[in-house]
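Subject: A structure for you to look at

Hi,

Here is the structure I promised to pass on. Have a look at it first, then read on with the viewer open.

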Amino acid sequence: MNTKEMIAAVEAGKLDENLKRVYVTDEAVELQKPRYVEALNTFGELFGWDREVKIMSAPGRTEVCGNHTDHNNGKVLAASINLDAIAVVSENEDNIIRVKSKGHRMNVVDLDNLEPDEAKYGDSTTLVQGVARGIKDLGFKVKGFDACTTSDVMGGSGLSSSAAFEVLLGTVLSYMFNDGKISPVDIAKVAQFSENKFFGKPCGLLDQMASSVGTFVTIDFKSTESPVVKKVDFDFASSGHSLCIVDTHGNHSDLTDDYAAVRSEMEDVAKALGKSVLRELTYEEFFAALPELTEKVNDRALLRAIHFFNENKRVDAAVKCLENGDFEGFKQVIIDSGLSSYMLNQNVYSPKNPTEQKLSLALAISEELLKGKGAWRVHGGGFAGTIQAFVPNDMLDEYKNTIEGVFGEGSCHVLIIRPVGGTQII
């Protein structure tokens, strides 16, 4: 279909089943339609109404369990969510990729120039360039295309808006020129490669993998070159709960050192025992060495190491609960994960500003409302930003109203665990 035909099909409901495969509910599909029409109209205005177009989608992700474990080769449990980045795409004959994202300038990449340039680190155009280079290096076809993208994955929310954009680009190249044959795992690795080598950000693989693979996914990073990725089959819609991400609107500035210290202190413990990362040790080896470690590393590093080892066990336990349909057991694991992050990993507020504790307050309110009924924990990197809560559906209005009464209207985002990752929708 061309751009005009696609708009008419969306508005007439002819593509509802395609959309429902991704967005799960009829209500969600109806909410998505104006967004799709807007993206199609933008594409038509920029690139032409008679162009044959396709539409791709890549979701944001939520970290479910495994807080601050991936950087020490640990285990994580994550899930794709119904917030996503979408692209209206059409092939061109120019050997150039043009991507116009809503609210941003156009990214233009000449496919004859796919070399990284440190002088351009931090420029979003390098992400497009890096994904194209990564796909090409895998031996797949890479050709020119024009695209308009829009995203409702909130930046700074811990839901990985940048990973969704990178995976979206890989998904476009897979379906447009390679019959959808590039595996989700390879797309995730290419997305990480792009962010590391072209954008200049040394991120891990968690965000991209969760976005690309979709639904619940557990990842074991014991080998960072070949992480073990496993989909976890669980129908979240049948759990009777909603997933809420609460944006506490905490101050994100000047937290770089706090984030870096979590990783470096865990690695200090490993190095004190002759290893590079904690995953190279067993918990028994670590615990037996505590007397000598107290002479070599600070106390917080030891607490964070205890968190790391036990958090890996909690990931295994959470996966087992989901696979067995034991959602009550799963919720207890999530609560335990949150307590460990709070008490041992200590990433709920910054020691630089101990009187600002919006995450702590959100967690305390959540415990008051949900104790014995739901689950709650810090979400993502911590120190500021968001918490996660699994809320029984019959308590959703009460929880949302109470939270937004404290943190402001729109601070409680009610999400769905999306059943698919990066995909061609239409």
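Below is what I found in it, going from the whole chain to a few of its parts.

First of all, please keep in mind that this is a predicted model.

**The whole chain**

The protein chain contains 14 helices and 12 strands. Its C-alpha trace spans about 70 × 50 × 40 Å along the principal axes. Is that what you'd expect for a compact fold, or what would you expect? For 426 residues, a compact globule would have a radius of gyration near 22 Å, and the protein chain has 22 Å, so the two agree.

Helix α3 covers residues 26-47, and helix α1 covers residues 3-11. These two pack at an angle of about 170°, with their axes 10 Å apart. Angles over 145 degrees count as roughly antiparallel, and α1 and α3 are therefore roughly antiparallel to each other. On the α1 side, the contact is made by Thr 3, Met 6, Ile 7, Val 10 and Glu 11. On the α3 side you'll find Lys 33, Tyr 36, Val 37, Leu 40, Asn 41, Phe 43 and Gly 44. Sorted by class, the contact of α1 with α3 has seven nonpolar, three polar and two charged residues.

Helix α2 (residues 16-23) also packs with α3, at an angle of about 110° and with the axes 9 Å apart. That angle makes α2 roughly perpendicular to α3, and α2 passes α3 in a right-handed crossing. Which residues of α2 meet α3? They are Asp 16, Leu 19, Lys 20 and Tyr 23, and their partners in α3 include Asp 26, Glu 30, Lys 33 and Tyr 36. By class, the contact of α2 with α3 has five nonpolar, one polar and six charged residues.

**Another helix pair: α5 and α6**

Now move along to helix α5 (residues 161-177) and helix α6 (residues 184-198), which pack at an angle of about 125° with their axes 9 Å apart. That makes α5 oblique to α6. The crossing of α5 past α6 is right-handed. In α5, Ser 162, Glu 166, Val 167, Gly 170, Thr 171 and Ser 174 meet Ile 187, Ala 191 and Glu 195 of α6. The class count for the contact of α5 with α6 is three nonpolar, four polar and two charged residues.

While you're at α6, look for Gln 192, which is found in this helix. Leaving aside its neighbours within four places in sequence, Gln 192 is in contact with Cys 203, Gly 204, Leu 205 and Gln 208.

Strand β8 (residues 241-247) runs antiparallel to β11 and is joined to it by four bridges. Here Ile 245 stands opposite His 413 in β11.

Happy exploring!

Terms used. Residues numbered from 1 in each chain as written. Predicted model: local features only at pLDDT ≥ 70, side-chain atom pairs only at ≥ 80, totals over all residues. Heavy atoms only, no water. Axes fitted to C-alpha atoms, helices over the stretch in contact; angles between N-to-C directions. Parallel < 35°, antiparallel > 145°, perpendicular 65-115°, else oblique. Left-handed = near helix turned anticlockwise from the far one by under 90°. Contact = heavy atoms within 4.5 Å. Nonpolar A, V, L, I, M, F, W, Y, C, P; charged D, E, K, R; others polar. Pairing = 2+ DSSP bridges. Rg over C-alpha atoms; globule rule 2.2 N^0.38 Å.
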